[in-house]
Amino acid sequence: MTLRRSAALCLLALPLSALAQTQDVQQKVEALLARMTLQEKIGQLNQLTGREATGPQAASRASQLADIRAGKVGSLLNVKGAADTREMQGLALQSRLKIPLLFGLDVIHGYKTVFPVPLGEAASWDMEAIEASARIAAREASAAGIHWTFAPMVDVARDPRWGRVMEGAGEDPYLGSQIARARVSGFQGAKLGGTDRVMATAKHFAAYGAAVAGRDYNAVDLSPQQLYEVYLPPFKAALDAGVATFMNAFNTLNGIPATGSSFLQRDILKGEWKFSGFVVSDWASVKEMVAHGYASDLPDAAVKAMGAGSDMDMEGEAYVNHLEDAVKAGRVSAAHIDDAVRRILAKKFELGLFDEPYRFSDPQREQAVLADASHRAVARDVAQKSIVLLKNENNTLPLAAGARRIAVIGPLADSKRDLEGGWVVNDVRGDVVTILDGIRARARGAQVIHAAACKPGCASKDGFAKAVAAAASADVIVLTVGETWDMSGEAKSRTDLGLPGRQNELFAALKATGKPVVVVLLAGRPLIFSEIADKADAILYAWFPGSEGGNAVASVLFGDYNPSAKLPIGFPRNVGQIPLPYAQYATGRPVLNEKDIVYRSAYIDAPNTPRYAFGHGLSYTTFTYSGLTLDKPTLANGERATLSFDIANTGKVAGTEIAQLYIRDVVASVVRPVKELKGFRKVVLRPGERQRVSFSIDRETLAFFDSRLKWTAEPGDFLLMVGSASDDIRLESTLRLQER
Ligand code: GLC
């Protein structure tokens with residue numbers, strides 16, 4: 001057989017092996033399903049949080065263990081560690097059909113090694129870094145017996161009052177889609193079954209980030225265009241990347257709870273998108289349909305959620321207590337129950353749990369993997385790439401080599417817990433390198449003096465005098481302020497996005513010393529810090545940077561790492577401007593000049609522009625853009641155009657620029673945003689180096705959902721914009737799309 005034919009046969013065989021594997025799983029699922037009683041099927045749809053052996057849950061632990069033995073529980077969440085998961089799995093294997101449990105956990109940004117919070121990682125615009133972060137989180141969590149993480153959270157969020165903006169990828173559907181793909185790939189790998197990976201979850205389906213007034217769990221009202229154009233794309237990207245599960249959402253969407261939405265779960269997800277995995281409800285969101293006023297009682301909620309395609313009931317105990325009667329009364333179709341059970345069993349087979357139920361619960365592997373020091377180097381790399389240089393007057397940064405005395409001030413400068421941010425769900429965590437630790441380790445001869453000035457939250461000024469005295473004797477002040485870790489995340493909506501406590505006064509007192517003040521801000525969301533923004537000499541936005549945060553901040557402060565991050569969400573000047581997406585509509589009265597706002601779509605007390613724009617982030621060097629070419633100014637059907645330009649590093653140090661491509665459909669059947677991100681490139685350049693960058697543009701790039709929700713590109717002119725930020729466009733061109 002010639003080489004060519006054998007290669008062809010190999011290629012031919014490849015899909016068959018995947019196909020054969022799918023068929024093998026399906027056959028096993030059908031064979032098992034046929035043996036299951038209705039009660040055993042419903043048991044698979046029941047997920048509970050593991051009851052602690054001590055404390056308030058101890059009383060209900062015994063009955064939970066009995067339910068597991070009886071096959072009434074299909075999955076446990078919040079049980080972690082090889083030993084505990086092995087113990088629980090052993091109970092499940094005492095059930096009649098020995099169906100193994102799935103162990104789920106919120107591994108949102110690391111298990112033992114804590115990475116920057118997801119919004120911080122998003123600021124890196126670095127898909128390899130983001131994938132590496134998820135891969136290591138999966139490696140650590142799977143070694144601790146976890147099969148399934150409830151991540152990535154892919155909710156687009158344009159309202160920083162909403163505390164969960166911290167968990168996502170910011171305001172843009174294009175960037176959010178790239179990041180969703182990277183995170184799913186990092187968590188799951190190429191296919192499920194490896195004991196160093198976990199199933200991922202695209203959550204919260206759908207549009208949870210559009211809660212009215214940024215108040216968590218609040219209603220969502222969206223036009224079909226906004227839903228399809230802004231909030232669904234990252235979910236579809238996660239699905240196309242092979243995400244194993246979806247989690248629905250607490251919110252209503254246009255009056256229907258997402259958990260009870262057949263439109264979302266059956267029409268779109270399982271119908272239009274052909275999703276083959278399963279949907280888990282959010283925590284007790286089935287039960288919450290009673291509080292919403294959508295279900296009359298728990299049995300009614302169970303019927304409505306199952307009918308709408310919510311396969312597994314997380315902690316609601318609605319399915320396990322009421323679905324059997326509902327099926328017998330004909331209120332729930334047995335076919336829907338079977339479909340849900342098939343979806344769940346298929347994942348258990350794909351994970352290899354029927355062949356080796358304990359394969360993820362290996363204490364030796366757990367100990368070895370959690371001790372792997374190489375993970376911290378990756379955490380430091382990701383954290384460095386996430387830190388945004390917002391301001392750098394007179395090249396205050398990097399800290400001058402001659403700085404002999406550095407005053408490290410502020411309530412968060414030596415805090416370990418605040419660097420980790422929210423959603424840290426594992427008690428066994430590595431040490432956190434604080435910002436003070438990092439600066440001390442890197443200062444090399446310079447004297448480092450520290451004064452906290454106040455406790456995290458900074459309620460009291462009592463320590464200010466000592467801090468000011470310390471600062472007055474220094475060459476430069478590094479002030480670390482911001483939110484505490486527990487001010488962002490779930491159920492942490494805020495109406496005031498300012499710095500908590502007396503931190504602004506602390507800044508003013510330090511600034512009054514006349515010394516240069518570098519401000520490092522920690523937060524899980526955009527904050528409003530106008531005086532600091534106006535008067536600080538330099539500002540780094542470090543989010544909550546994780547276990548290696550102190551080393552990462554020090555690397556940037558001393559110039560070992562030249563900051564490259566860009567904001568994944570705009571920063572408002574005040575809460576009154578929210579929502580303030582960069583991708584906004586022109587209106588019939590656009591503001592063309594900030595001085596002429598009479599009868600224009602504007603405020604009389606603030607500009608329409610953000611304090612810091614989506615895509616903003618400075619460097620210690622400078623970049624120029626030039627030599628724009630468009631090889632086809634007119635695009636016929638099926639063609640693609642290439643937009644090219646040069647980026648040059650015109651500064652003295654090497655740096656990374658994230659060049660962004662935006663488009664505007666100038667006239668369309670549905671008004672289009674004044675700009676939409678459609679591409680970006682991270683370009684690393686040495687001083688003086690120049691590189692030509694190209695973007696390929698076709699009909700897909702130019703398409704949008706029209707008034708009938710048809711994905712289409714309409715003929716006409718498109719503005720193509722390339723720049724360093726959404727408010728820093730350097731080059732422009734126009735492309736004409738011809739009739740089909
Ligand atoms: C929470 C969150 C969800 C999380 C789940 C399990 O309420 O909404 O994101 O995965 O419950 O902890």
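Just after helix H13, Gly330 takes a positive phi of about 75°. The structure is a predicted model, in which local features need pLDDT of at least 70 and side-chain atom pairs count only at pLDDT 80 or more, while totals for chains, interfaces and linings use all residues. Residues are numbered from 1 along each chain as its sequence is written, and side-chain values use heavy atoms, with hydrogens and water left out.

Helix H13 spans residues 319-328, and its buried residues are Tyr319, Leu323, Ala326 and Val327. Buried means under 20% relative accessible area and exposed over 50%, with partly exposed in between (1.4 Å probe, protein chains only). Helices (H or I, at least four residues) and strands (E, at least two) are DSSP runs, numbered from the N terminus. Seen down the axis of H13, the buried residues fall within an arc of 95°, so they line one face of the helix. The arc is that of the directions from the helix axis to the C-beta atoms. Asp325 and Lys328, on the other side of H13, are exposed. The buried residues of H13 pack against helix H2 (38-44), helix H12 (298-308), strand E10 (313-314) and helix H14 (334-350), where contact means heavy atoms within 4.5 Å.

In helix H15 (residues 363-370), the buried residues are Arg365, Glu366, Val369 and Leu370. These cover an arc of only 115° around the axis, which puts them on the same side of H15. Gln364, Gln367 and Ala368 are exposed on the other side of H15. The cover over the buried residues of H15 includes helix H4 (82-92), helix H6 (127-143) and helix H16 (374-386). The N-terminal end of H15 is capped by Asp362, with a side-chain oxygen 2.9 Å from the backbone nitrogen of Gln364.

A disulfide is a covalent bond between the sulfur atoms of two cysteines. With a disulfide taken as a pair of cysteine sulfur atoms within 2.5 Å, the count comes to 1 disulfide. This bond joins Cys454 to Cys458, with an S to S distance of 2.0 Å. The torsion about the S-S bond of Cys454 and Cys458 is about -90°, so the disulfide is left-handed. Cys454 and Cys458 are both buried.

According to an unreviewed UniProt entry, the annotation "domain: Fibronectin type III-like" covers residues 657-726. UniProt positions are given in the numbering used here, feature names are shortened, and annotations may be inferred rather than shown by experiment. Over residues 657-726, the chain is 6% helix and 59% strand, and the end C-alpha atoms are 14 Å apart.

How values were computed: A polar contact is a pair of N or O atoms within 3.5 Å; within protein, one must be able to donate a hydrogen and the other to accept it, and residues adjacent in sequence count only if both atoms are side-chain atoms.
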